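User: Could you take a close look at one part of this structure and then work outward from there? I'd like it as a single connected walk-through, please.

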Amino acid sequence: MFYTDNKLQYPVRVETPDPLFARALQQAIGGVEGEIRVAMQYFFQACGARGNPKFRDLLMNTATEELGHIEMLATAVALNLEGAPLKLREEISGDAVGGAVLNGVNLKNILSSGLAAMPVDSDGVPFDMSHIYASGNIAADMTANVAAESTGRVLAVRLYNMTNDPGMKDMLSFLIARDTMHQNQWLAALEELGGAKNVFPIPNSFPQELEQQEFSYAYLGFQYDGSEPAQGRWSTGPSIDGKGELSTKISEPLGQKPELGPAKPGGGAQKEQM
């Protein structure tokens, strides 16, 4: 069950409405880096979490917080849209707000939602859930969550730098802080699972002796001239999971040239293919 007290998690105030910034904020709601993405990702990970129930609690608790972030951002979008003209032919020559409408505001926020937020990105594209990663593997999911919070924090920092509104900077500084915590909590969960040497390779339940172990820790180079690729920590020394030694190999084709059978009659191919 979910509960609400009808109050925002953190204050949202806009001193100077900016419809163009409202459009930018939509990316933090319905973009691939946005709050709908992480809320639904953590929710579905929680719904499918098996094993120690504390991980399910961690995921569901954070999913619930992200719903609150959607509410905050939706409120910010609506407040930034207040005062936007409802007619494109209104007097706008000296009106920064009206001019913004013609210079890049997403008209969906006017035409489809009546100056309110929508579950879309900054271009008005609806969020379609294609970026929800819930694998059923707790370590894989926690790793995906670190990436989700990292890209979300990058977006929030960019939005922070786009506005001079004190209220928006204050709200975004709170969201940036929460992204910091969420990155750390997912990394802490991986540490709780045993850290890199126990977690990786994911899934750790698959016997590595069934792998083609010659390639398990080899950094492959595909340079046309046969030279070695640029070296780094990924190409030498003990593997991060502590189960092998990293090395570099010049990749060579090990398979055959693909030869497919003739096309089937009735399949719409040319007769020369049959």
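Analyst: Asparagine 6 sits in the segment before helix 1; helices here are DSSP runs of H or I with at least four residues, strands are runs of E with at least two, and both are numbered from the N terminus. Keep in mind that this is a predicted model, where local features need pLDDT of at least 70 and side-chain atom pairs count only at pLDDT 80 or more, while totals for chains, interfaces and linings use all residues. Residues are numbered from 1 along each chain as its sequence is written, and side-chain values use heavy atoms, with hydrogens and water left out.

Back to asparagine 6: its phi is positive, about 65 degrees, although it is not a glycine. The residue is exposed, at 67% relative accessible area (buried means under 20%, exposed over 50%, partly exposed in between, with a 1.4 Å probe and protein chains only). Leucine 115 also has a positive phi of about 65 degrees without being a glycine, but you'll find leucine 115 in the loop between helix 5 (108-111) and helix 6.

Leucine 8 is in the segment before helix 1 too, and at 31% relative accessibility leucine 8 is partly exposed. Leaving aside neighbours within four places in sequence, leucine 8 is in contact with Glu71, Met72 and Thr75, contact meaning heavy atoms within 4.5 Å. For a sense of scale, leucine 8 and glycine 268 are 260 residues apart in sequence and 59 Å apart in space, C-alpha to C-alpha.

Next stop is the rings. The whole structure holds 4 aromatic pairs. One of them is tyrosine 10 with phenylalanine 174, stacked at 4.4 Å centre to centre with 10 degrees between the planes. Rings of Phe, Tyr and Trp (its six-membered ring) pair if their centres lie within 6.5 Å, and planes under 30 degrees apart count as stacked, over 60 as edge-to-face and the rest as tilted. This pair ties distant parts of the chain together: tyrosine 10 is in the segment before helix 1 (19-30), phenylalanine 174 is in helix 7 (residues 166-192), and they are 164 residues apart. Tyrosine 10 is partly exposed at 22% relative accessible area, whereas phenylalanine 174 counts as buried at 17%.

Phenylalanine 43 and phenylalanine 44 make an edge-to-face pair, 5.3 Å centre to centre and 90 degrees between the planes. Phenylalanine 43 is partly exposed at 22%, and phenylalanine 44 is partly exposed at 44%.

The largest nonpolar core has 28 residues, of which Phe21, Leu25, Leu73, Leu159, Met168, Met171 and Leu175 touch the most other members. Helix 1, helix 2 (35-47), helix 3 (53-81), helix 6 (138-162) and helix 7 each supply at least two residues of this core. A nonpolar core is a set of buried Ala, Val, Leu, Ile, Met, Phe, Trp, Tyr and Cys residues joined through side-chain atoms within 4.5 Å. Methionine 171 leads back to where we started: beyond its neighbours within four places in sequence, methionine 171 contacts Tyr10, Pro11, Val12, Leu25, Met72, Leu73 and Ala76. Apart from that core lies another, of 15 residues, among them Tyr42, Ala63, Met142 and Ala148.

Strand 1 and strand 3 (residues 245-250) run parallel, joined by 4 bridges; strands pair if DSSP finds at least two bridges between them. Glycine 221 stands opposite isoleucine 250 in strand 3. Lysine 249 is in strand 3 too, and lysine 249 is partly exposed at 28%.
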